[in-house]
Amino acid sequence: MRSRQRRVSVFLQVVGLLAWLASAVSSIVLVVHDESRDLRVVPCATIAVSLAVITLLVPPEVTPLPALSGRRRRSVAAFGRLVVRVCWLLRGLATGAAAWVVTWNADSAAFQPLTAALVAASMTLATAGQLGQHAAGFVTAAEDLRGRGLLNRLGTIVVAAVTAGSAGLVAAFVNWFWDRAGEPVWTLTREDWGLPSFVAGLLTGVTTFLVVATIAGAVGVAMMSVALALGPGNAVGRWLGAHSPVQYARWIDSVHVNVLGFTYSGPAVPTERVARSIYRGVRDSSGVLHPVFLRMLSEDVLAAAARLLPAGAQEPWVSLRAVGDHEEIYLEFLPAGAGPDEPRETRRLHDFAEAAALRRLRTGLPSPLEGLPAEVRCAPRGTPMGAGRWTDLGDSTVGEPRAANGDPLEPDWADVPVRDDLIREVVRHPPGPRRVREQLGLPQVRW
């Protein structure tokens with residue numbers, strides 16, 4: 001069976017490679033022979049069929065792994081699988097039709113509403129396919145289609161449709177730019193100076209690239225200037241920074257500048273002002289955090305906890321217990337007048353001002369084999385926190401409690417998480433905690 005699957009995989013890869021080659025050759029033919037529309041039928045059809053084949057070569061998943069699936073009625077799951085397959089086939093047809101319209105009308109600078117409609121239809125079908133996967137049992141298939149995520153998806157579809165419909169305008173702009181930047185250099189070097197074609201072409205290419213780099217650099221500097229002025233906490237600033245041709249990134253002790261793929265990196269003097277500026281965007285990021293940002297997050301958490309402490313209470317700590325979408329936040333402290341060996345008082349916080357900082361602390365402390373910690377705790381330095389994996393950060397300590405032998409502990413849940421939350425934890429933060437994988441019946445991860 002495995003040998004047969006490998007043969008099928010190799011066959012599909014060969015078909016995909018042939019489709020890409022056919023599309024590339026047909027595109028070259030269209031550029032070279034663009035005089036007669038009758039001669040363009042074959043290459044346009046070849047490009048359309050090739051792109052449709054390439055789209056259909058990657059079939060979507062229709063049946064989730066049993067351990068990672070949600071509970072669905074059999075009829076609902078069957079309907080979801082049907083929706084996924086139908087949307088996949090229609091996407092292939094829409095992609096091929098859009099490629100035909102774009103290539104056939106490439107010499108027109110007018111806006112192409114049919115192309116825009118086909119691209120919008122293709123992306124809408126992809127979204128409908130996600131909803132079909134959700135109905136088929138994929139628990140997390142439609143998570144980014146709620147609230148703000150749905151608005152972002154709709155905005156992406158609109159932008160992609162307008163861009164595709166303006167493909168002729170883009171081609172006209174490229175021709176206009178070539179007439180003013182590339183053609184004069186070619187005429188000067190080849191015809192006036194009499195240089196060989198290779199040398200003239202090389203000089204023309206270099207000059208064109210320098211002109212493009214200069215324009216892109218000027219636009220990129222303007223975009224980055226606005227982005228830096230707005231700051232990483234502003235959505236418009238983040239978008240401008242992400243899409244600028246010039247990328248500028250200042251880290252704690254280094255600076256990185258990228259212009260059209262050419263990168264410069266160098267050391268920089270770390271300052272508290274720069275760290276605070278970068279910190280504003282930390283909560284929107286993911287992955288391991290620099291100790292400086294862990295310290296700032298823990299300071300914010302403890303400052304919010306201090307405002308909730310009763311008079312005279314001491315040795316506070318705040319803990320987040322989380323899996324999937326299930327979260328529980330607790331504040332623990334010694335009551336006023338209590339000794340260090342007396343029981344601590346525990347309060348569950350249903351509305352904590354720095355819950356986002358706690359979540360970011362959790363995603364900043366991953367384990368290669370265990371995923372994210374099930375519980376992350378933050379306390380002033382010197383507070384007894386028991387066995388665990390702790391990191392001292394100046395005046396605070398953060399980490400996760402563990403058993404005496406170093407194994408992660410199952411949190412003492414007030415409300416037991418549901419199975420969908422366990423699935424979300426594994427899918428979002430692989431490989432997921434060992435205890436979660438055991439509960440789902442998944443194999444354990446080993447080095």
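## Burial and surface

Of the 447 residues in the protein chain, 39% are classed as buried, where buried means under 20% relative accessible area, exposed means over 50%, and partly exposed lies in between (1.4 Å probe, protein chains only). The accessible surface of the chain amounts to about 25200 Å², and carbon and sulfur atoms contribute 64% of that area; accessible areas come from the Shrake-Rupley method with a 1.4 Å probe, and for residues only the protein chains shown count as cover.

The model is predicted: local features need pLDDT of at least 70 and side-chain atom pairs count only at pLDDT 80 or more, whereas totals for chains, interfaces and linings use all residues. Residues are numbered from 1 along each chain as its sequence is written, and side-chain values use heavy atoms, with hydrogens and water left out.

## Overall fold and dimensions

The protein chain contains 13 helices and 9 strands, defined as DSSP runs (helices H or I, at least four residues; strands E, at least two) and numbered from the N terminus. Its radius of gyration is 29 Å, well over the 22 Å that the globule rule gives for 447 residues, so the chain is more spread out than a compact globule. The radius is taken over C-alpha atoms, and the rule is 2.2 Å times the number of residues to the power 0.38. Along the principal axes, the C-alpha atoms fill a box of roughly 95 × 60 × 40 Å.

Among contacts in the chain with a separation of 6 or more, 56% are between residues 24 or more positions apart; contact means heavy atoms within 4.5 Å.

## The aromatic pair

The structure holds 1 aromatic pair. Trp100 and Trp104 form this pair in a stacked arrangement, 5.4 Å centre to centre and with 10° between the planes. Rings of Phe, Tyr and Trp (its six-membered ring) pair if their centres lie within 6.5 Å; planes under 30 degrees apart count as stacked, over 60 as edge-to-face and the rest as tilted.

Trp100 and Trp104 are 4 residues apart in helix H3 (residues 74-104), a separation of about one helical turn. Trp100 is partly exposed, at a relative accessible area of 30%.

Ser122 belongs to helix H4 (residues 113-136) and is buried, with a relative accessible area of 10%. Neighbours within four places in sequence aside, Ser122 contacts Arg91, Ala94 and Thr95.

Glu332 is located in strand S5 (residues 326-334) and is buried, with a relative accessible area of 10%. Not counting residues up to four places away in sequence, Glu332 touches Glu315, Pro316, Trp317, Arg321, Arg344, Glu345 and Thr346.
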